[in-house]
Amino acid sequence: MKIISIVNNKGGVGKTTSAQSIAAGLSKFANARVLVIDLDAQASLTKSFGITHAGLKKDSGSFITGEYEFDEIVKKVGSIDVLPGSAEMIHREDTIKSAPVFPFNLKIALEKVKDRYDFVIIDCPPALYGNTRLALVSCHQYYVPLQAEFLSYEGLRNFLVYSAEIKKISPNTNLGGVFATRYNPKIRKKISHELISATREQLGEVFMESYIRDNIALSEAQANGTTIFDYAPHSNGAEDYYKLTKEILERINN
């Protein structure tokens, strides 16, 4: 079972969209058994799969704390299993942080299902603490979506410093790659091209060849509680996430 976290300390960069689409791509094109985990109390990933989160008490937080068993919490959406997020997760933060095994709580909990899935995809909150820390310590690789704008670039630099600290307590956690979102090299937007060029030069092979263009079908798919591959399989969004999923598989296999 390979655990992949999608992380960024800045919101609005396509993190949740990427987590959902990569999970769907692995299920559809690699015929993989996939579990997605929503660690954000805003529950955006949960909503994107069409799961009603209002009043939801059995969530990924209650899995981490052991309040409920995995099979009591997990939701099946098509070929993908979902551990949902909810606002209730905020009330469990202190319990999780005060546990003697913190920040390895999630890593230990996932041992219970290691034979059931090929991949676990974790969507994190836009913050550098708490649940993001759990996800980074738990995963084998993490991927960072980078929106082609200045503030996102600055946020990436701060995040990479933080993730280097995580590496000290979790040596098996590795940066899988950084990929651009809301970016199209064919559109003339000087600052976007300059930022992407600077990031590629700084990160080298860590910066991925795949990029995600602006595509309204991605938002529409989430609003309809489904994935881009089911909603608009011939769209730019589906094409871009197919390429990204393929590149991630290549990196994992190598």
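Trainee: Which side chain makes a polar contact with the side chain of Gln222?

Mentor: A polar contact is an N or O pair within 3.5 Å; within protein, one atom must be able to donate a hydrogen and the other to accept it, and sequence neighbours count only if both atoms are side-chain atoms. For Gln222 the distance is 3.3 Å, and the partner is Ser48.

Trainee: What kind of model is this?

Mentor: Residues are numbered from 1 along each chain as its sequence is written, and side-chain values use heavy atoms, leaving out hydrogens and water. Local features need pLDDT of at least 70, side-chain atom pairs count only at pLDDT 80 or more, and totals for chains, interfaces and linings use all residues, as the model is predicted.

Trainee: Is Gln222 buried or exposed?

Mentor: Gln222 sits in helix α10, residues 216-223 (helices are DSSP runs of H or I, at least four residues; strands are E, at least two). Buried means under 20% relative accessible area, exposed over 50%, partly exposed in between, with a 1.4 Å probe and protein chains only. Gln222 comes in at 17%, so it counts as buried.

Trainee: How far apart are the end C-alpha atoms of α1?

Mentor: The expected span is 1.5 Å times one less than the number of residues. With 15 residues (15-29), α1 should span 21 Å, and the model agrees: its ends are 21 Å apart.
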